[in-house]
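Subject: Structure handover and findings

Dear colleague,

Please find below the structure that I am passing on to you. My findings follow it, arranged by region.

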Amino acid sequence: MSKFGTRRLRLVVMVGGLLLAPGMWAAHVNPRPLNPPKSKSTKLSESQRTRRRMHHLASSRSTAVRHAGVHGTGSHSTTVTRASVSRSLHRYHERFFASSFAEGITGGDVAAGEDPVVRQAAIDALGNMNGTVVAIEPTSGRVLAMVNQKLALSSGAQPCSTIKLSVALAALNEGLVSKDTEVPLGGRSQMNLTEALAHSNNAYFEALGRKLGFEKVAYYAHQYGLGELAGYDIPGEQLGTYPEEVIPQKLGGVGKMCSFGEGISMTPLQLGAMVSAIANGGTLYYLQHPATAEEIANFQPRVKRQLDIAPLIPELSDGMAGAVHYGTARRLGLNFNEEEILGKTGTCSHAGTRFGWFASYANTSRGRIVVVVFLQGGRPTFGPKAAEIAGVMYRNLYDHNFFIAGTPTATDTTASRPTGTTP
């Protein structure tokens with residue numbers, strides 16, 4: 001072979017990326033002509049692009065697995081479904097633009113007619129969180145304290161999972177379920193009302209909502225005070241909204257209305273009035289907020305309507321007690337467990353703002369009180385945090401002898417105590 005041919009063969013071999021011994025050239029020469037060179041504008045070969053693309057996909061999958069919180073051993077430790085990866089990435093990339101903290105939120109509050117012990121307990125518990133605390137005497141509808149009244153009297157926000165209290169009462173009223181009825185949730189999964197309330201199971205309440213239908217869901221929601229003013233002549237109170245028709249299916253339809261409160265705007269006062277009716281056995285009072293000592297002296301309860309829920313409260317209260325003992329509101333127990341507290345949390349977000357709700361009542365014969373905590377902000381804001389704040393408030397009240405200072409009223413005896421609470 002000529003010297004020129006040898007150089008040409010060496011050039012062919014080097015262009016192909018092969019480092020072969022001279023004795024092996026003849027065996028590995030490709031007789032096909034070389035492909036024409038690609039344009040100079042192509043900076044990466046196809047193989048390089050492929051390697052980079054595979055590396056990027058592998059890195060993305062690894063990140064998704066970490067954010068999905070996958071645990072286990074062997075092959076199961078890295079098994080992630082496409083849906084779970086999508087959900088985990090969605091949660092991880094959610095952005096919030098509101099602050100969970102604020103200063104001077106009590107400025108402008110009218111507090112002359114409030115209970116000073118209850119108000120101070122609420123202020124200390126809320127701290128610098130961006131939110132409001134409303135405390136109500138369930139046996140009369142008197143607002144004992146309303147911290148950050150500008151927010152408390154606003155047009156409200158999506159109720160999140162606190163809407164499940166209204167849906168549960170509707171389903172119990174219609175005889176669809178009892179607290180022990182197992183509702184199929186798909187596959188082999190099923191759950192009863194007590195566990196669904198305690199753990200705030202969305203699929204359970206979506207199933208109830210679809211069985212009830214929008215007309216019945218809306219009817220009972222209005223009966224319990226949603227979509228109307230909760231207060232009696234409270235200056236500045238705004239009205240929440242309840243849609244006149246079911247929200248579009250692309251937004252979740254009646255199912256999402258019953259699990260997340262989608263399409264609904266509820267105020268802290270409306271939620272407080274409904275929970276007060278649960279606490280006292282079925283009397284829905286107009287909430288009143290005395291502004292002077294004279295108004296306190298002349299205070300008279302005003303009944304809006306009687307709700308036929310007294311037989312249903314034991315069916316509901318087990319789940320509310322379970323939420324505090326072992327469910328979504330168990331953070332409350334970090335600060336207070338001397339008295340039995342029943343409640344329901346709620347967490348959701350809308351347009352870059354996260355909402356955290358907790359509505360509860362102290363199930364005692366003395367010093368009965370309903371506490372609603374509503375928070376708005378970013379990632380530190382969620383339902384369990386609102387429950388934790390309520391726990392601090394109950395602790396403050398207990399330390400100031402609130403639960404032994406009062407005398408039981410006739411209305412107190414109508415409230416049902418929970419039975420068979422799961423430890």
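I begin with Ser 276, which is located in helix α12, spanning residues 268–280. The model is a predicted one, and the values below should be read accordingly. Ser 276 has a relative accessibility of 4% and counts as buried, because the cut-off for that class is under 20% relative accessible area. Apart from neighbours within four places in sequence, Ser 276 is in contact with Ile 136, Pro 138 and Val 370. Ser 276 and Ser 140 are separated by 136 residues in sequence, while their C-alpha atoms are 9.0 Å apart in space.

The chain as a whole

The chain contains 16 helices and 9 strands. Of its 423 residues, 48% are buried. Among contacts with a separation of 6 or more, 69% are between residues 24 or more positions apart. The accessible surface amounts to about 21400 Å², and carbon and sulfur atoms contribute 53% of that surface.

Helix pairs

Two packed helices are described by the angle between their axes and by the distance between those axes. The pairs below are set out in those terms.

Helix α7 (residues 163–173) and helix α14 (residues 313–325) have axes that come within 10 Å and cross at roughly 150°. An angle over 145 degrees counts as roughly antiparallel, and α7 and α14 are therefore roughly antiparallel to each other. Their crossing is right-handed. On the α7 side, the contact involves Leu 165, Ala 168, Leu 169 and Leu 172, which meet Glu 315, Leu 316 and Met 320 of α14. By class, the residues of this contact are 6 nonpolar, no polar and 1 charged.

Helix α7 also packs with α9 (202–212). The axes of α7 and α9 come within 10 Å and cross at roughly 50°, and the two helices are therefore oblique to each other. The crossing of α7 and α9 is left-handed. Here Lys 164, Val 167, Ala 168, Ala 170 and Ala 171 of α7 meet Asn 202, Phe 205, Leu 208 and Leu 212 of α9. The residues of this contact comprise 7 nonpolar, 1 polar and 1 charged. Ala 168 takes part in the contact with α14 and in the contact with α9.

For helix α5 (residues 116–126) and helix α15 (residues 383–399), the axes come within 8 Å and cross at roughly 140°. The crossing of α5 and α15 is right-handed. The α5 residues in the contact are Val 117, Val 118, Ala 121, Ala 122, Asp 124, Ala 125 and Leu 126, and the α15 residues are Ile 389, Val 392, Met 393, Asn 396 and Leu 397. This contact divides into 10 nonpolar, 1 polar and 1 charged residues.

The surroundings of α7

Helix α10 (residues 214–223) has Phe 214, Val 217, Ala 218, Tyr 220 and Ala 221 as buried residues. The buried residues of α10 pack against α7, α9 and α11 (253–259). After α10 comes Gly 225, with a positive phi near 105°.

Ser 259 belongs to helix α11. With a relative accessibility of 0%, Ser 259 counts as buried. Neighbours within four places in sequence aside, Ser 259 is in contact with Cys 160, Ser 161, Ile 163, Lys 164, Asn 202, Phe 205 and Glu 206. Among these partners of Ser 259, Lys 164, Asn 202 and Phe 205 also belong to the contact of α7 with α9.

Cys 160 has a positive phi near 55°, and Cys 160 is not a glycine. Cys 160 is placed in the loop between α6 (149–152) and α7. Its relative accessible area is 0%, and Cys 160 is buried. Cys 160 is also one of the contacts of Ser 259.

Ala 351, likewise a residue other than glycine, has a positive phi near 50°. The loop that holds Ala 351 lies between β7 (341–350) and β8 (353–362). Is Ala 351 buried or exposed? With a relative accessible area of 69%, Ala 351 is exposed, whereas Cys 160 is buried.

Yours sincerely

Technical notes
Residues are numbered from 1 along each chain as its sequence is written. This is a predicted model: local features need pLDDT of at least 70, side-chain atom pairs count only at pLDDT 80 or more; totals for chains, interfaces and linings use all residues. Side-chain values use heavy atoms; hydrogens and water are left out. Axes are lines fitted to C-alpha atoms, for helices over the stretch in contact, and angles run from 0 to 180 degrees between N-to-C directions. Helices (H or I, at least four residues) and strands (E, at least two) are DSSP runs, numbered from the N terminus. Angles under 35 degrees count as roughly parallel, over 145 as roughly antiparallel, 65 to 115 as roughly perpendicular and the rest as oblique. A crossing is left-handed if the near helix is turned anticlockwise from the far one by less than a right angle, and right-handed if clockwise. Contact means heavy atoms within 4.5 Å. Ala, Val, Leu, Ile, Met, Phe, Trp, Tyr, Cys and Pro count as nonpolar, Asp, Glu, Lys and Arg as charged, and the others, Gly among them, as polar. Buried means under 20% relative accessible area, exposed over 50%, partly exposed in between (1.4 Å probe, protein chains only). Accessible areas come from the Shrake-Rupley method with a 1.4 Å probe; for residues, only the protein chains shown count as cover.
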